[in-house]
Amino acid sequence: MSTNLGVPLCDIQAQYRALETELQDAVSRVLKSGQVIMGPEVAGLEEETARYCGAGYGIGCSSGSDALLLALTALGVGPDDEVILPTFTFFATVGAVCRLGARPVFADIDPATFNIDPHQVENKITERTRAIIVVHLFGQCAEMDPLWDVAVRHNLPIVEDAAQAIGAEYHGKRTGTLGAIGCFSFYPSKNLGGFGDAGMVVTSDPAWAALLSCLRSHGMEPRYHHKLMGWNARLDALQAALLRVKLPHLERWTEERQAAARRYDTLIEEQHLTQFLERPPVRPKRRHVFNQYVVRVARGQRDDLVRHLKADKIGCEIYYPIPLHLQECLAHLNYRAGDFPAAEEAARSVLALPMFPEITVQQQRRVVESCAAFVRKQARMAA
């Protein structure tokens, strides 16, 4: 492979090329049916996704962001309520809380896994707490046992933000079944990615399933009878049909991501970079599905490494450069720098390297060799 060729952060076209005929057939099937909103394609994806997760019901929706908003609305979260969540995650997690008029109450993270530190949750519970959002960041499940204990003691529901973790497992149980309601995103770069925005909520509670289904369609049940103040969060049939083509391949793609992660681990060790790039650990009895392969960059050189990699035509991304408690639009919550040191340190050091099922050994070697070249260059400059 030519060293002049770049390495993308995520190659979403590879799956399209492999499945082009089936995907085109799915589009044609929907267009010929004339049923492009809801209908049998959405119902089929809901059933298949719920079965994959081990949940009783799936409720397709327009995005992972709407999945979170639907879940919190179904649980009755509203103005003056509080919801506990990690400060180190994508903005959609906190956005859903704030849009309902509730107050986000942040917790710090486990520095190793980047997931919420379960031991910080209980002392943040007040009489206004209505839910706990657990984010399975980058594809590895949070530490659920202590969170379950806290949730039971305080009679609080757990909402799973599993946007990056479909198929991940904790002690043999899959995401979507580790809380009251699980929320998934089918954004194109996710492990199961669509060709636009799409999402799914899963639950095993029939009452919540019915409520979620009603809320996503303007709170309408039956037609033109609006018992609830819902909104339009429906999943369109085209996205559902395309996702149904891809879902049967998800297990294989997950195994390929895991194999790629192991190759990165080995290549980093072979290049003697373990003191510079801290590799992501996989906790016992967990299935990490590696939506991202996220390292920590040592010696405060993350941003310099990013510039080097981009100049070398290697995709990389910082997930996430600013924790939620320090975001400008949340300044009214009166959090300050230093309130959550583990999250703030992660924001200064994390870096996602290219990760997708089809990534080749040659591409990964090029990524790690470029990192090694950066380290050698820094050593020469310091000499």
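Mentor: The residues that line the largest pocket divide into eleven nonpolar, eleven polar and three charged. Please keep in mind that this is a predicted model. The volume of the largest pocket is about 470 Å³. Its lining consists of 25 residues, and those that lie nearest the centre are Phe90, Gln164, Ser185, Tyr187 and Lys190. Two elements give two or more residues to this lining, namely helix 3 (64-74) and helix 4 (91-99). Helix 3 gives the most, with three residues.

The second largest pocket may be set beside this one. It holds about 180 Å³ of space. Its lining is formed by Met38, Ser213, Cys214, Arg216, Ser217, Met220, Glu221, Pro222, Arg223 and Arg234. Sorted by class, these residues are four nonpolar, two polar and four charged.

From the pockets we may turn to the strands. Strand 4 covers residues 129-135, and six of its seven residues are buried, so this strand is largely enclosed by the rest of the structure. What are its neighbours? Strand 2 (residues 82-86) pairs with strand 4 in the parallel sense, over three bridges. Within this pairing, Glu82 has Thr129 of strand 4 as its bridge partner. Strand 4 is also joined to strand 5 (residues 158-161); these two run parallel and are connected by four bridges. Here Ile132 has Ile158 of strand 5 as its bridge partner.

Four bridges hold strand 12 (residues 293-297) and strand 13 together in the antiparallel sense. Across this pairing, Val295 faces Leu351 of strand 13.

Next come the cysteines. A disulfide is a covalent bond between the sulfur atoms of two cysteines. How many disulfides does a search of the whole structure find? The search finds zero. The cut-off for a disulfide is a pair of cysteine sulfur atoms within 2.5 Å. Cys141 is likewise in no disulfide, and its nearest cysteine sulfur is that of Cys53, 11 Å away. Are these two cysteines buried or exposed? A residue counts as buried when its relative accessible area is under 20%. Cys53 has 4% relative accessibility and is therefore buried. Cys141 has a relative accessible area of 0%, so Cys141 is buried as well.

Gly199 belongs to strand 9 (residues 199-203). With a relative accessible area of 0%, Gly199 is buried. Along the chain, Gly199 and Leu68 are 131 residues apart, while their C-alpha atoms are separated by 9.5 Å.

Gly179 is placed in the loop between strand 7 (173-174) and strand 8 (181-185). Because its relative accessible area is 26%, Gly179 is classed as partly exposed. Gly179 lies 22 residues from Pro157 in sequence, and the distance in space from C-alpha to C-alpha is 7.0 Å.

Asp25 is found in helix 1 (residues 13-33). Its relative accessibility is 46%, so Asp25 counts as partly exposed. In sequence Asp25 and Leu242 are 217 residues apart, and in space they are 9.3 Å apart, C-alpha to C-alpha.

How values were computed
Residues numbered from 1 in each chain as written. Predicted model: local features only at pLDDT ≥ 70, side-chain atom pairs only at ≥ 80, totals over all residues. Heavy atoms only, no water. 1 Å grid on protein atoms, 1.4 Å probe; cavity = no way out; pocket = protein on both sides within 12 Å on 5 of 7 lines; lining within 4 Å. Points joined across faces, edges and corners; volume = space filled by probe spheres on them. Nonpolar A, V, L, I, M, F, W, Y, C, P; charged D, E, K, R; others polar. Buried < 20%, exposed > 50% of the residue type's maximum accessible area, 1.4 Å probe, protein only. Pairing = 2+ DSSP bridges.
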